Structures are given as structure tokens and as C-alpha cells.
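Open the model in your viewer and keep the selection tool ready.

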Amino acid sequence: MLYTYSIYTEARGGWPIPLLRQFLLNLVRMNNVMLFSFTFVLIAISSFLMWFLEPDVFTDPFVGLWWTMTTLTTVGYGDVSPTTVFGRLYAMFLFIVGIGLIGVVIGKVIDILTGFSRRREEGRLQYKGKDHILLIGWSRKTDFALKEIKEFEYPGDVVIIDQLPKSPVDLENVHYIQGDPANDETLLKANLSEARAVILFADPLIEDLSLIDGKTLLIATSIERMAPQVHTTVEVMVEHHIRNFKHVRVNHFLVSGEMISSLAVRSALSEGHSSIVAQLVSRKHGDDLFEMKRRPGWRTYRDAFHALLDEGATLIADGGDLGINRKLDEEIPPEAKLQIICSKEKYAEIVSKR
């Protein structure tokens with residue numbers, strides 16, 4: 001008798017440990033799959049058992065399920081309730097065991113959702129979407145790029161890769177992946193192969209320009225090795241380092257320091273040059289640069305140029321080729337990416353006529 005008492009005795013105060021408390025402790029320690037399975041089985045058994053015990057009150061298993069759920073969740077509408085001794089005995093059992101069980105289940109669900117949210121914020125979840133824009137390296141330039149993508153009204157997601165402990169932004173359709181971007185595992189977590197484009201920014205925490213470009217080259221090499229089909233834009237700090245990137249077949253280079261210096265000189269010598277460039281790279285003021293495909297009725301660049309001019313837009317390039325004014329009578333290839341300058345409203349009007 002003393003042995004039995006010692007098993008159920010709590011260390012403080014010497015009071016017996018309630019069986020319910022021990023049962024709940026075991027539930028909390030139980031594996032989630034087992035816990036949810038046990039809960040499902042208990043609900044199913046209770047629904048059919050009440051139908052079996054009191055068929056006059058619980059006319060079918062669904063009524064039993066309704067009563068079981070209202071009992072477990074302590075809602076207790078009282079529209080149906082057991083009337084027989086066995087039915088009420090089982091109801092008392094469900095009060096003691098079932099309500100504690102459903103409380104533990106709800107707590108587990110909350111823990112799972114909280115853990116999921118925490119892992120997402122810390123960038124530890126794999127991204128499985130497609131046609132996203134991948135931004136590598138967080139800095140003020142990345143923040144500006146994010147705002148520009150929003151201004152562009154890009155319908156897809158944006159994925160950011162960096163080694164920060166938590167996501168630097170909390171925006172809809174923006175996902176964060178924590179890790180070394182030169183590591184294959186990190187790029188796989190960002191679903192690199194299904195991305196629409198990658199923009200690789202230089203590391204602002206490194207002071208030596210050669211070391212910055214060296215790290216950028218290492219990351220660019222990993223990207224091109226794993227997903228050569230993805231359009232890649234890379235920020236390079238020193239222009240003559242671009243030749244070191246040629247073997248990795250990067251699509252575009254942005255020379256950060258030289259570009260700013262060039263715009264500053266152009267602004268000092270001729271204000272119009274820098275103003276035009278600043279306007280075209282910002283979507284907040286004036287006309288903008290847009291891309292469109294060839295219309296069926298256009299055969300040559302001249303056809304496209306005059307048609308667009310009549311509609312209030314100016315054709316300036318095909319992709320990166322700014323020399324189309326010298327080949328107006330040449331045929332437009334089917335895969336042409338015509339670059340036009342116009343307002344946002346005018347662009348929407350032009351595209352709607354296709």
C-alpha cells in the first residue's frame with residue numbers, strides 16, 4: 001500500500017498526483033502523428049458508440065459526431081445529449097479524457113503553426129514556387145530593387161538570399177532563404193533552376209574591391225553551373241574585372257562605381273543626359289522604358305517605328321540593340337524584344353490593341 005501511494009505522490013506537499021495530470025503529460029510527450037491519430041480514432045469511436053448506445057437520440061453517426069465535437073471543444077449547444085446510464089457514463093469519460101486531449105491537440109497545432117512561421121522568418125524553409133526573381137545579398141541597393149520590382153507590378157514572387165538571422169523585410173510575395181549563396185544547397189532551397197531571373201549584388205561588408213568581385217565571381221560561377229538558362233545580372237565593382245566573368249556567361253553586368261561617376265560627370269557637363277537616364281531607370285516620374293513583342297502587321301522596324309509613333313510611343317531598341325535606326329528596312333525577327341518609351345498609361349493602351 002505504501003509502494004502504491006509513493007507512485008502517485010507528488011514531491012511537494014505529499015499530495016497524490018491526479019491520473020488526469022499524468023495522462024496529459026503523456027499526451028504532451030506523444031509523437032504528433034500518434035497524437036492526431038489517437039484523437040481521430042477517439043472521435044470516430046465516440047460518434048459511432050453514441051449512435052449505438054442511444055439510437056433514439058443519436059439517429060445517425062453524424063449526430064454522434066456533432067455531439068462529440070461540441071463536447072470536446074466545450075461548446076456544448078445542448079441540442080442533443082445522452083439520456084441512458086451507459087451514454088452518460090461515456091459522456092463523463094469524454095469530459096475527463098477527451099477535453100484534455102483536444103486541448104493538447106490544439107496546443108500542438110498552435111506550436112506547429114508558430115514553428116512554421118519562425119522557420120519562414122529565419123529563412124529555413126525551401127521555396128517551391130516558379131518564375132520568381134532571385135535577389136542575392138541584402139543591402140540598400142537590394143531594398144531599392146525590391147521597391148522597383150513592386151513599382152513594375154511584377155506578378156511573381158521575390159526570393160532573397162542572405163546570411164542574416166532573420167528576413168530583412170516582411171512583405172507579401174517576398175520569401176527569405178538564409179545561407180551562403182555560393183553553396184549549392186542554398187541555391188537549391190531557393191529553387192534556382194525555376195527562377196525567371198537572378199540579380200546578384202556586391203557584398204557591401206567587404207572593403208577591398210577585388211575581394212568583393214572575387215566573392216561575386218564565386219557565386220556567379222555556382223549559379224551558371226547549376227542553372228545556365230536563368231537570366232543573370234551581376235553587379236561588378238571594378239570594370240576591368242568583367243573579363244574574369246566572361247567564362248561564366250553572365251547575361252548583364254552593372255558596374256556600380258563607374259556608372260555613378262559617369263552620371264555625375266554627365267550631369268555637370270550636360271544636365272539633360274543624366275536627367276534622361278535617371279528618368280528611364282525610375283518608374284516614379286515621367287515616361288518609362290517598356291518592352292513589347294512584334295505585332296502581326298509589322299514586317300520591318302520602320303513599320304513598327306511609325307505605328308508606335310502615331311500611338312504616342314517611341315521605338316528605341318530591340319533588346320540591347322540601340323542601332324535600329326540604321327536598319328529600319330530590315331525585317332523584325334519573331335523573337336524581337338522591342339523597347340519603347342512612353343507613359344505607363346500609354347503602354348497599357350498600346351498593349352491592349354494587340
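Select tryptophan 51: it is partly exposed, with a relative accessible area of 35%. Here buried means under 20% relative accessible area, exposed over 50%, and partly exposed in between (1.4 Å probe, protein chains only). This is a predicted model, in which local features need pLDDT of at least 70 and side-chain atom pairs count only at pLDDT 80 or more, while totals for chains, interfaces and linings use all residues. Residues are numbered from 1 along each chain as its sequence is written, and side-chain values use heavy atoms, with hydrogens and water left out.

Helices (H or I, at least four residues) and strands (E, at least two) are DSSP runs, numbered from the N terminus.

Look at the two rings: with centres 6.2 Å apart and planes at 65°, phenylalanine 48 and tryptophan 51 are an edge-to-face pair. Rings of Phe, Tyr and Trp (its six-membered ring) pair if their centres lie within 6.5 Å; planes under 30 degrees apart count as stacked, over 60 as edge-to-face and the rest as tilted.

Next, select tyrosine 90 and phenylalanine 93, a tilted pair with 5.6 Å between centres and 40° between planes. They are three residues apart in helix α5 (residues 85-121), about one helical turn. Tyrosine 90 is buried at 13%, whereas phenylalanine 93 is partly exposed at 38%.

Finally, show everything: the protein has 12 helices and nine strands, and 36% of its 354 residues count as buried.
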